[in-house]
Amino acid sequence: MNILLTRPLLQVNALQSMVNDSGHQSILFPTLEIKALNATPLHQQYNAVIFISANAVEYGVTILEKLNLQHCQIFAVGVATANRIIHHGFKVDAYPSPQASSEALLSLNKVQQLQNQNILIFRGKGGRETLKEGLIKQNNQVEYVEVYERVECKVTQLHKDSLLQLSNDQDFIATVTSVESLSAMVNLIRKIDGNFLNKLLKTPLIVLSDRIAVFAKSVDFLQIYVALEPNDGAIVEKIQQIKLEKYNTLDK
């Protein structure tokens, strides 16, 4: 079965390998490019720092290394982000599991105990304000350091070739890992082939969170599946589940 992967080319290798190893064929359709931003926090010391994505870690770790972390707690929005922090040699004080979200992070006891603290949030340019607003309600001073931005890809021959490969395929699955990626995928496909977009909306779509699922429903996707956990392994498990359900239906 063909599986449409929409991650940036520099970040898709692990998922691509897992999909191929599971007996499926990866079809690459990158929707976003990640670009580093020059950013400098206002202070050298904070009571807590929070990373809201693995990208925030990769593009913000050099800033983290320069901070005075002697009395600083480090939080992550989810397990994947926490693993990247640990990979770079830092201890993570807390993160929500299995679901990764601002709401889940705010519900943690250690985060709820943050009162009257100076907090630095590492993130990409733009995004939701839920985390900051929740922390401000606890009388914290909250600052952003935006270390990267996500830019919609330009249409390339790879995009056209991937859609051509799927044009006669009645049995494929699409995957997206963020609202921004889903929006960019729809925009790119609309530019290339509006008829294919109509087909895609009827195709099984695997997403990583309920928030992405709500957005997918709002743009008229009909078959939306939420992975049990926000990681590559859970995406592959959901692919296998959809495949099994399809074959069981055909057998009846």
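Strand β3 (residues 32-36) gives the most to the lining of the second largest pocket, contributing three residues. The model is predicted.

**View 1. The second largest pocket is lined by residues that include Leu32, Glu33 and Ile34.** The pocket has a volume of about 160 Å³. Pro8, Leu9, Leu10 and Gln11 are among the lining residues. Pro30, Tyr59 and Cys153 also belong to the lining. By class, the lining splits into eight nonpolar, one polar and one charged residues.

**View 2. The largest pocket holds about 1400 Å³ of space.** Its lining counts 50 residues. Closest to the pocket centre are Ile52, Ser53, Ala54, Thr177 and Ser178. Which helix gives the most to this lining? Helix α3 (residues 79-87) does, with four residues. The lining of the largest pocket divides into 19 nonpolar, 19 polar and 12 charged residues.

**View 3. Helix α7 (residues 157-166) packs against helix α8 (residues 179-192).** Two packed helices are described by the angle between their axes and the distance between the axes. For α7 and α8, the angle is about 80 degrees and the axes lie 11 Å apart. Angles of 65 to 115 degrees count as roughly perpendicular, and α7 and α8 are therefore roughly perpendicular to each other. On the α7 side, the contact uses His159, Lys160 and Leu163. On the α8 side, Leu188, Ile189 and Ile192 meet them. By class, this contact has four nonpolar, one polar and one charged residues.

**View 4. Phe51 and Phe122 form a stacked aromatic pair.** A search of the whole structure finds three aromatic pairs. This view shows one of them, Phe51 with Phe122. A pair of aromatic rings is described by the distance of the centres and the angle of the planes. Here the ring centres of Phe51 and Phe122 are 4.3 Å apart. Why does the pair count as stacked? The planes of Phe51 and Phe122 meet at 15 degrees, so the pair is stacked; the cut-off for stacking is under 30 degrees. Where do the two residues sit in the chain? Phe51 is in strand β4 (residues 48-51). Phe122 is in strand β6 (residues 118-124). The pair links distant parts of the chain, 71 residues apart.

Terms used:
Residues numbered from 1 in each chain as written. Predicted model: local features only at pLDDT ≥ 70, side-chain atom pairs only at ≥ 80, totals over all residues. Heavy atoms only, no water. 1 Å grid on protein atoms, 1.4 Å probe; cavity = no way out; pocket = protein on both sides within 12 Å on 5 of 7 lines; lining within 4 Å. Points joined across faces, edges and corners; volume = space filled by probe spheres on them. Nonpolar A, V, L, I, M, F, W, Y, C, P; charged D, E, K, R; others polar. Axes fitted to C-alpha atoms, helices over the stretch in contact; angles between N-to-C directions. Parallel < 35°, antiparallel > 145°, perpendicular 65-115°, else oblique. Contact = heavy atoms within 4.5 Å. Phe/Tyr/Trp six-rings, centres within 6.5 Å; stacked < 30°, edge-to-face > 60°.
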